[in-house]
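Here's a quick walk through one structure, stopping at a handful of residues and helices. Have a look at it first, then read on.

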Amino acid sequence: MPEIPKRTLVTMLNALSSGVVPRRGLEYIAVGRRKETETFVSDMEATAEGGGAFRIISGRYGNGKSFLMQMVRNNAMERGFAVMDADLSVNRRLTGSKSEGLATYRELVKNTAVRSRPDGGALESIVRDYIDSVEGEGNDLSMVPEGMVHLPFAHDVVKAIVSYRDSVSDGGDGSDALRWFKGEYDSKRDAKGELGVSSIPDDYNWYDIIKLLAMISVYAGYKGLIVFIDEGVVLYKIQSKVSRSNNYERMLTILNDIMQGKSSHLSMYLCGTPEFIEDQNRGLYSYEALRSRLFAGRYENDVDNYMGPVITLRPLSNEDIFVLLRTIRGLYEQRHGWTSGIDDPMLEDYLRIAVTSSVSASMVTPREITRDFISLMDTMMQNPDKGFYDLIKGRTVNADANPDDDLFMDLEI
């Protein structure tokens, strides 16, 4: 196993032990998902060429949606893209009567990241790179570039950038202009007085500003902008049918815009559970215009399609999870300078027990298995008098195990 930077190692294991996806080091523990990854790479190539993609990632809780999105996010930065990400919540949606859409925009901008700023806060860096690029080529910064001139609010975006440049040139910090980009102005009057702009990011136009930021990132030297939105199930849980439909309508608008080529150098991914997509009463399929665009083609049947608008994540195979556990064992031992004594046959036993002690073998998730495995090693390290089998004995085994699977051979505990 390669030597991993201590900070990355600590961050990874802390996150995994808490059941959350780490921001760093995912490439060390990635298993499976080859076909899904190929789709995202293809999308990145299209985005770099001026196109884009809109896809919904479907999977049940703990099945790897957030992990996959974080891995793609990191890979996109390595390939030279700017990225944004946000989790939807009660107060963050695509639109709402209390500016919930603006709240999502603010979160996306806050989490703007590039390779040199992987943890977010990269908006100012992109604005600076844009200014350097435009002025470096001898162009007038106050002129809207040809690739942006057809987009709504382009003139205001350029005015905000000019204001930032002028402020910094005069010894200021450009904070007023950055406030505009961050969606922090409450009134158009204040923004016009301070920046000379006629609009501000709000609940209705925030996606238009995202499109412009995608183009700004390209002129700044990046290949495009890729946006990740997690916890789509929040929209499914909205109680008001009108409010739910408004959010689905906004999603439809974004989907159509990207897929019809009205945006450039922009891709967007939304994660959600199968119910969020397929429920005929509350899910996306309850909105006929979305259903007609997202419903599986007549030729798919039980065959997965990784190039369609919805990518359904299947559970990792037992073999993949075994490889994951072996990797985590190595990372844990490297982190603590400790030898666990857990060999591969023990890992097979652990996996069999983990799967068969679940209510259903199909319900166990990588998140649960890895979190419990790290907890097991924590306990072993702190209690050297307790062995591996001492700690896992007594676990209940149900009848869902597959007796033909090598990972599920009979074991006396």
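Thr39 counts as buried, because its relative accessibility is 2% and the cut-off for buried is under 20%. Keep in mind that this is a predicted model. Thr39 sits in helix α2, which covers residues 34-48. Setting aside neighbours within four places in sequence, what does Thr39 touch? Its contacts are Arg55, Tyr306, Met307 and Ile311.

Pro309 belongs to the loop that links α13 (288-294) to β5 (310-312). With a relative accessible area of 29%, Pro309 is partly exposed. Again leaving out neighbours within four places in sequence, Pro309 is in contact with Phe54, Arg55, Ile56, Arg293 and Leu294. Pro309 and Met259 are 50 residues apart in sequence, with 9.9 Å between their C-alpha atoms.

Start with α1 (residues 6-17) and α14 (residues 318-336): their axes come within 10 Å and cross at roughly 125 degrees. That angle makes α1 oblique to α14. The crossing of α1 past α14 is left-handed. On the α1 side, the contact uses Lys6, Leu9, Val10, Met12, Leu13 and Leu16, while α14 brings Ile328, Leu331, Tyr332, Gln334 and Arg335. By class, the α1 and α14 contact has eight nonpolar residues, one polar and two charged.

Next come α5 (residues 123-136) and α6 (residues 154-169), with axes that come within 11 Å and cross at roughly 90 degrees. Here α5 ends up roughly perpendicular to α6. From α5, the contact takes in Glu124, Val127, Arg128, Tyr130, Ile131 and Glu135; from α6, it takes in Val158, Ile161, Tyr164, Arg165 and Val168. This α5 and α6 contact splits into seven nonpolar and four charged residues, with no polar ones.

## Two covered helices

Is helix α4 (residues 100-110) largely enclosed or largely open? Eight of its 11 residues are buried, so α4 is largely enclosed by the rest of the structure. The buried ones are Glu100, Gly101, Leu102, Thr104, Tyr105, Glu107, Leu108 and Val109. Their cover includes β2 (82-87), α5, α7 (175-181), α9 (206-219) and β3 (225-230).

Helix α15 (residues 344-356) is mostly covered too, with 10 of its 13 residues buried. From first C-alpha to last, α15 reaches 18 Å, close to the 18 Å expected at 1.5 Å a residue.

## Positive phi away from glycine

Most residues other than glycine have a negative phi. Which way does phi go at Phe153, positive or negative? Phe153 has a positive phi of about 70 degrees, although it is not a glycine. Phe153 lies in the loop between α5 and α6. Its relative accessibility is 28%, so Phe153 counts as partly exposed.

Glu231 is another non-glycine residue with a positive phi, this one about 65 degrees. You'll find Glu231 in the loop between β3 and α10 (233-236). At 29% relative accessibility, Glu231 is partly exposed.

Note on methods: Residues are numbered from 1 along each chain as its sequence is written. This is a predicted model: local features need pLDDT of at least 70, side-chain atom pairs count only at pLDDT 80 or more; totals for chains, interfaces and linings use all residues. Side-chain values use heavy atoms; hydrogens and water are left out. Axes are lines fitted to C-alpha atoms, for helices over the stretch in contact, and angles run from 0 to 180 degrees between N-to-C directions. Helices (H or I, at least four residues) and strands (E, at least two) are DSSP runs, numbered from the N terminus. Angles under 35 degrees count as roughly parallel, over 145 as roughly antiparallel, 65 to 115 as roughly perpendicular and the rest as oblique. A crossing is left-handed if the near helix is turned anticlockwise from the far one by less than a right angle, and right-handed if clockwise. Contact means heavy atoms within 4.5 Å. Ala, Val, Leu, Ile, Met, Phe, Trp, Tyr, Cys and Pro count as nonpolar, Asp, Glu, Lys and Arg as charged, and the others, Gly among them, as polar. The expected span of a helix is 1.5 Å times one less than its number of residues. Buried means under 20% relative accessible area, exposed over 50%, partly exposed in between (1.4 Å probe, protein chains only).
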